Amino acid sequence: MIRNRFFTSCALIFFLLSDISAEESESQKKYIKGNIYDKTAAVREASGAESEILSRWAIDFSLRNREILGNDRDLGALAVAGILSLPKDYIASSEQNVRDAMMQKFIAVFTAFNDENVRSAVINKVSVLRDYYAVNPFADTLNTYLSKNVVTADSEQGVVKDAIVALGLIGNSNSFDVLNNAYRQKKWQQYENELTVSMGQIADKALSEILGIIQEGNIQNIREIFNVLVKNEKNSLETL
């Protein structure tokens, strides 16, 4: 009796695992055989281990075909689906070299696509997963983006705001200079609050830059820096 129950249990487990594998296989077939719409739908519908696989496929497919299709909205939608569906658990459990490779892909997607939805998706994903990455390369990518972005289209304003906020989380000393220059030049007055908050959040990484501003002796600039620092709770008067 016990032996029969044992074999019955094993058979049931085998059946369930086989059924799950079959479902995963069918979803992957749907992705492989489908057009871009089908691929995007397959990525969005995926779950578990399959989500990790299809997310990586979508990101790789988007990068491979970006030069051919240009700023195609459908390709951009696939890239967004791949980026947003990439599971946190996959990144958290990966080796450092895998994480570094994925970060390079994030940078490549951000650089290659002009689509504001794609760029915002990359920024938000890196921000959420910042504890698992060496984020300095992406911070430098955002530094360059904001430094060069003198006049932006209305559709790109959201990306600018996302980049400013993200630098408050992942920025470096160069980021502080970029944000401070934008603030002083009133480059994006509609995001003045975001600029000052992000500067305050990374002030501890830019002490030499802050001291340089103080040593210049410009009272207006010193007052502005002081106001920026006191906006951030983690900066005490001892920092000054």
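1. Read along the sequence, the protein chain follows the pattern α-α-α-α-α-α-α-α-α-α-α-α-α, with 13 helices and zero strands, where helices (H or I, at least four residues) and strands (E, at least two) are DSSP runs numbered from the N terminus. The model is a predicted one, in which local features need pLDDT of at least 70 and side-chain atom pairs count only at pLDDT 80 or more, while totals for chains, interfaces and linings use all residues. Residues are numbered from 1 along each chain as its sequence is written, and side-chain values use heavy atoms, with hydrogens and water left out.

2. Of the 240 residues in the protein chain, 44% are buried, buried meaning under 20% relative accessible area, exposed over 50% and partly exposed in between (1.4 Å probe, protein chains only). Among contacts in the protein chain between residues at least 6 apart in sequence, 69% join residues at least 24 apart, a contact being heavy atoms within 4.5 Å.

3. Helix α4 has 13 residues and reaches 18 Å from its first C-alpha to its last, close to the 18 Å expected at 1.5 Å a residue; the expected span is 1.5 Å times one less than the number of residues.

4. The buried residues of α4 are L75, G76, L78, A79, V80, A81, G82, I83 and S85, and what covers them includes α2 (36-45), α3 (48-69), α6 (96-112) and α7.

5. Helix α4 (residues 73-85) packs with helix α7 (residues 116-128) at an angle of about 10°, their axes being 9 Å apart, where axes are lines fitted to C-alpha atoms, for helices over the stretch in contact, and angles run from 0 to 180 degrees between N-to-C directions. Therefore α4 is roughly parallel to α7, a term for angles under 35 degrees. On the α4 side the contact is made by R73, G76, A79, V80, I83 and L84, and on the α7 side by E116, N117, V118, A121, V122 and K125. By class, this contact has seven nonpolar, two polar and three charged residues, with Ala, Val, Leu, Ile, Met, Phe, Trp, Tyr, Cys and Pro counted as nonpolar, Asp, Glu, Lys and Arg as charged, and the others, Gly among them, as polar.

6. E209 lies in helix α12 (residues 207-216) and is buried, with a relative accessible area of 18%. Leaving aside neighbours within four places in sequence, E209 is in contact with S173, F176 and D177; the C-alpha atoms of E209 and F176, 33 residues apart along the chain, are separated by 8.1 Å.

Conventions: Angles under 35 degrees count as roughly parallel, over 145 as roughly antiparallel, 65 to 115 as roughly perpendicular and the rest as oblique.
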